[in-house]
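This report walks through selected parts of one protein chain, with the sequence and the structure shown side by side. Please keep both in view while reading.

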Amino acid sequence: MEKSYNPEGIEEKWYALWKERGYFHALDRSDRPAYSIVIPPPNVTGVLHMGHALNNTLQDVLIRWKRMSAHNTLWMPGMDHAGIATQNVVEREIAKEGLNRHDLGREPFVARVWKWKEHSGGQILSQLQRLGCSCDWERQRFTLDEGLSEAVKEVFVRLYEEGLIYRGDYIINWCPRCHTALSDLEVEHEETRGNLYHLNYPLKDASGQVTVATTRPETMLGDTAVAVHPEDTRYRHLVGRKLILPVIGREIPVIADAYVDRTFGSGAVKVTPAHDPNDFEMGLRHNLPSVSVMKEDGTMSVEAGPFAGQDRYECRKNLLHTLEASGVLVRTEAHAMSVGHCYRCKTVIEPFRSKQWFVKTKPLAEPAMEAVRTGQVRIIPRGWENSYFDWMTNIRDWCISRQIWWGHRIPAWYCDACSHIVVARTEPAACNHCGNQDLRQEEDVLDTWFSSALWPFSTLGWPAQTEALKTFYPTSALVTGFDILFFWVARMIMMGMKFAGDVPFRDVYIHALVRDAHGQKMSKSKGNVVDPVIMIRKYGTDAFRFTLVAFAAQGRDVRFSEERVEGYRNFVNKVWNAARFIQMNIENVNVPALTDVAKLNRIDRWILSRLNTAIRELTLALEDYRFNDAASAAYQFLWREFCDWYIELSKPVLQSGENAVATRATLVHVLEVALRFLHPFMPFVTEEIWQSFPHTGDTIVTAPFPVPDEEFDDPEVEEEMSWVVNAVSAVRTIRGEMNIAPSQRLRALIRAQGNPARILEASRSFIETLARADVEIGAELKKPAKSATEVRPPLEIYVPLEGLVDIGGETERLRKDLTRLEAEAARIGKKLNNEDFLSRAPEEVVEKEKLKYDEVKARMDKVRESIDRIRNLETS
């Protein structure tokens, strides 16, 4: 082994070999139990970000663990065609040539997108390989693959034939920039400070007026009624009378509807059926006309009268001027409101009346809710079940048509001769109603999430009943972010139960966000975005992966910092150096298998028992999706117990030669087993080391995941060794707190009796070597004058410090530290008691200051303890 571990070159070497030899490939038929995961398909436009890195690292941990646990594992990779996002990318590209998609025409434009996909798309898949993801790359899928397209058509046609897909007028979310409808989930709402405008609408007979309030005054041009609550006594006498709509002059009725909130504004609301979903429903109930005053590009239509052709915001400005001048606008007040934006281009969306295609979701949602209620699908952490049920209970019909060209074109054809719509799996030769052969296909494509909802079974060959489908469906687990619980997870459950006859997965693990070190959400505007590829280049894949897993606690966001990656690179180096130490100590020596060793000493039996404990803790944590606890079990065992204690304890044995054969065998055995349970987290360094030692098999990728060997369970020796560890730790603690150089040899008295005293006496040489102290052990030992004390039941440890510590100087140093920390705590405390700061500062900044305050207070307590300890020396 080289002196230091350099991931560059090593990672590429092993990944290429793993792929070449097919270690990641699953078998459609196998005697082994199946374990399968489908990757949340990244957009074809995507590049690896921290969310992807966390999500895919967690999936890879599961897949590698199960592969080593003798499962037939399939991790299905692929990409999503990402309709709007990809079309936008290519539209921007051709705009540089002075063209738009309409200049090219539909077919040439779609061909251009395919060309872009082949040459520039899919960068993220190579980045996932850089991350070490062990997907079955031979099965890679794309949501516009021919097979997946067949599945999409089949589902669409079946839903249509069952009356669960329909076409109709509806108020949809419209993006004037992307020129397409958006589902409710594709609209991002932002809290905004706007205005509430109060307008007077005069009665036709000039006997009075009604005041209405609106945040979107330009839509008043499309008003076709004013509504009041039927029980509102203020307006009961006006119901049925006519008002004159200002500017336009249209007569509109006053109607009574229970939807109206009597407490909002004046209690009278304007009704614009073409531009508000609630008004649309009210319009249906009262048979009101629907007047569209806005066009698809966000400019005003001819129905807007004198404002026709103006941009919607230009119209608002000019209209308000007109209304104010005519006395119609009577009051303007500041008003907080939630404004919807397109999730892709961030343009403010418009509620827009349009003829669209919809899925009736209620009949699909009921079985999907029951699947979670009965445990057919487990959502982890369970707290997300409440969000799932809340959304599914209030689910609205899903608008699935999009006015773009890149995507699955809706398999519907229009007959202009008889107005019939033909929905079919293949292009029809003629209208099945009148026989007309001149049919035109629907221009719209399906929402990207429609094909994604079929991903778990369409990627396995459905609607054909393939061997892969029989073996791997339902899949075992889905790892995903909470932001697509409704976009994707709920819809996959609905579609899977409807068409594949079972839930699409058994477990759904919802991971949290990756934030920066201060808990702030990463964003380009804040300048705190971390590039995973840069982290990998700088610190190696293993250190980066382990950092993500180590902080992936259930229900808690990951606070990512480069310092943490650097810390786990030190862990990689620690394991590497431990392996080098072992390798140097077995050179030119025959190391027997542990099973052939006749007698093990106490430290050997201790580390083997602790190895069993680590395996149990790590395995149980993975079974419960407690990834951080699994990583912690690996880290604590390897760094703290194996490297810091066992290897150090083994050095005198190896040097003396007594029992060295057993200790060498134990060192090799424990390292080999630990490499195997570390492999799912750190695949590259573990393979590199594993190949340098005696092993069975070609690769650690398919080596068996460790299971505890009950023969090595030894709670008695674990307790005995805890006394040795505590004795050494106590002396080290005193040395550190009293600022005594490591090279300074100390005297230590350990007060113990009975079995602890006997064990410590037998381990005296170990204790003296590791503590760098001359040790006395006995039941009647008295505390010497000017001694520091550490109590580690059942032990008391005394270290005489006279002549070793400048009590006055050390006290002065600590008091200066305390004064500095008190000033820092006062400064932060003053800020946290400042109401102006608390009200103005972002929440994450306030939280950061609170954490800093707690840290300073904890350090102050530590310094005070050290001062008290020195005071005790003066009086002892």
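## A buried charge without a salt bridge

In this predicted model, D444 is buried yet has no salt bridge, and the nearest side chain of opposite charge, that of R167, is 6.4 Å away. Side chains of opposite charge can pair when their charged atoms come close. For a salt bridge to be counted here, a side-chain nitrogen of Lys or Arg has to be within 4 Å of a carboxyl oxygen of Asp or Glu.

## Salt bridges elsewhere in the chain

The model has 63 salt bridges by the rule used here, and a few of them can be followed residue by residue. One joins R378 to D507, with the closest N and O atoms 2.9 Å apart. This pair links distant parts of the chain, since R378 is in strand β15 (residues 378-380) while D507 is in strand β23 (residues 505-511), 129 residues apart. R378 is partly exposed, with a relative accessible area of 39%, whereas D507, at 11% relative accessibility, counts as buried. In another salt bridge the side chains of E118 and K117 meet, at 3.5 Å from N to O; here E118 counts as exposed at 53% relative accessibility, and K117 is buried with a relative accessible area of 14%.

A further salt bridge, at 4.0 Å from N to O, is made by the side chains of D817 and R820. Both residues lie in helix α26 (residues 807-832), 3 residues apart, which is about one turn of the helix. An α-helix has 3.6 residues a turn, so residues three or four places apart point the same way. D817 is partly exposed, with a relative accessible area of 24%, and R820 is also partly exposed, with a relative accessible area of 47%. Salt bridges that share partners also join E154, R158, E161 and R425 into one network.

Strands of a sheet pair through backbone hydrogen bonds, either parallel or antiparallel. In this model, an open sheet of 4 strands has the order β27-β26-β29-β28, and its pairing is mixed. Because β27 (773-778) and β28 (787-792) stand at the edges, each with a single partner strand, one side of each is left without a neighbour in the sheet. Neighbouring strands of this sheet are turned by 20° against each other on average, direction ignored.

Strand β29 (residues 795-800) runs antiparallel to β26 (residues 746-751), and 3 bridges join the two. The strands β28 and β29 are likewise antiparallel and are joined by 6 bridges, with a hairpin of 2 residues leading from β28 to β29. Which residue of β29 is the bridge partner of L749? That partner is Y798, and T789 also stands opposite Y798.

## Helices around the sheet

Helix α23 (residues 715-737) lies across β26, β27, β28 and β29, and runs at about 145° to β28. Helix α24 (residues 754-762) lies across β26, β27 and β29, and runs at about 150° to β27.

In helix α25 (residues 764-771), the residues F766, I767, E768, L770 and A771 are buried. The buried residues of α25 pack against α19 (602-623), α20 (627-656), α23, β26, α24 and β27. Just after α25 comes R772, which takes a positive phi of about 50°.

## A partly exposed phenylalanine

F551 has its place in the loop between α17 (541-550) and β25 (558-559). With a relative accessible area of 23%, F551 is partly exposed, because only values under 20% count as buried. F551 touches V558, R564 and Y568, when residues up to four places away in sequence are not counted. The C-alpha atom of F551 is separated by 58 Å from that of H420, a residue 131 residues apart from F551 along the chain.

Definitions and conventions
Residues numbered from 1 in each chain as written. Predicted model: local features only at pLDDT ≥ 70, side-chain atom pairs only at ≥ 80, totals over all residues. Heavy atoms only, no water. Pairing = 2+ DSSP bridges. Axes fitted to C-alpha atoms, helices over the stretch in contact; angles between N-to-C directions. Contact = heavy atoms within 4.5 Å. Buried < 20%, exposed > 50% of the residue type's maximum accessible area, 1.4 Å probe, protein only. Lys, Arg positive; Asp, Glu negative; His and termini not counted.
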